[in-house]
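Open your viewer and get ready to select as you read. We will go stop by stop, from a sheet to its helices and then to single residues.

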Amino acid sequence: INLKSSCYNVPMTDWLKEIALGLYYPIAGIINNIKKLHEDSEMDAHNPTLPTVVFVKRWFNHNPLHIQRKQYLQDKGFNVYYYFQSISKGTWEKSAENLDQYIKDRGLENVTLVGISGGGITAYLYLQNLNGWKYVDTFISIATPFGGTWQELFLSFNESCRQLTPNSQFVQNIMNQPVKNPEKIYCIRAESDELVENKSAVLPGCKEIVIPVKGHNNLHLFDNTVYDKIAEIAHNEDSD
């Protein structure tokens with residue numbers, strides 16, 4: 001495991017924040033089970049004059065901090081949808097099929113598709129294998145382990161996690177398959193990420209954006225710099 005590009009020279013305050021955000025996930029699961037926050041996360045009405053962003057996220061449970069990031073983009077003038085499928089429910093291929101149905105059921109078009117961490121795998125399979133580019137203008141990944149991550153060995157009891165070990169056939173297929181429309185893909189990564197190596201987070205031939213943030217969770221849960229960049233890309237693509 002190459003720790004040099006991921007974990008060295010990181011201030012202790014950043015790691016404490018990163019650990020706190022990671023520990024918040026099980027608490028978030030309890031909150032969501034009680035209050036059902038995710039059920040209110042989809043917009044009540046779609047405004048056809050506004051550009052559309054669809055977030056894709058896969059983990060064991062929802063996180064209310066993503067709902068806050070969703071609201072942040074809504075306040076910037078976007079229709080924002082949040083697709084979530086638990087990583088405990090099916091393979092990555094199945095989650096891509098479900099995403100395809102989600103977008104079709106809502107009649108969404110000209111979408112800026114944003115894959116958060118593992119959600120980027122779901123989004124990418126949808127684009128590569130299920131004709132997703134018919135409905136999507138731009139794909140933005142945030143710290144997505146396209147090249148896999150050895151951290152998944154700690155979660156090898158889960159089928160989707162086993163798929164993401166770097167030496168798996170699944171990961172090799174992703175990295176060796178020609179990328180469709182690489183000019184429409186932006187890969188956002190943190191300056192330092194303890195879960196996803198730099199080279200793993202970027203698809204060949206696609207635009208790489210490095211955010212001066214340290215930590216996987218700090219990047220996609222806490223820092224609005226990422227979401228400002230998403231808004232910038234989405235507005236630019238919508239005006240073209």
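The tour below says what to select and what is there.

This is a predicted model, in which local features need pLDDT of at least 70 and side-chain atom pairs count only at pLDDT 80 or more, while totals for chains, interfaces and linings use all residues. Residues are numbered from 1 along each chain as its sequence is written, and side-chain values use heavy atoms, with hydrogens and water left out.

**Stop 1: the sheet.** Please select the six strands, which form an open sheet with parallel pairing in the order S2-S1-S3-S4-S5-S6. Strands (E, at least two residues) and helices (H or I, at least four) are DSSP runs, numbered from the N terminus, and two strands pair if DSSP finds at least two bridges between them. S2 and S6 (207-214) are the edges: each has a single partner strand, so one side of each has no neighbour in the sheet. From one strand to the next, the twist averages 20 degrees.

Zoom in on S5 (residues 185-192), which runs parallel to S6 and is joined to it by six bridges. Pick arginine 189 there and you will find its bridge partner in S6, valine 210.

**Stop 2: helices on the sheet.** Contact here means heavy atoms within 4.5 Å. Axes are lines fitted to C-alpha atoms, for helices over the stretch in contact, and angles run from 0 to 180 degrees between N-to-C directions. H3 lies across S1, S2 and S3 too, at about 150 degrees to S2.

**Stop 3: H3 against H4.** Select H4 (residues 119-129): its axis and that of H3 come within 8 Å and cross at roughly 70 degrees. The two helices are therefore roughly perpendicular (65 to 115 degrees). On the H3 side, show Trp92 and Leu99, among others; on the H4 side, the residues they meet include Ile121 and Tyr126.

**Stop 4: two buried residues.** Where is threonine 112? In strand S3 (residues 111-116).

Finish at serine 86, in the loop between S2 (79-84) and H3 (92-105). Serine 86 is buried as well, at 8% relative accessibility. Its side chain reaches the backbone oxygen of phenylalanine 60 at 3.4 Å.

Note on methods
Buried < 20%, exposed > 50% of the residue type's maximum accessible area, 1.4 Å probe, protein only. Polar contact = N/O pair within 3.5 Å; in protein donor to acceptor, adjacent residues only side chain to side chain. Parallel < 35°, antiparallel > 145°, perpendicular 65-115°, else oblique.
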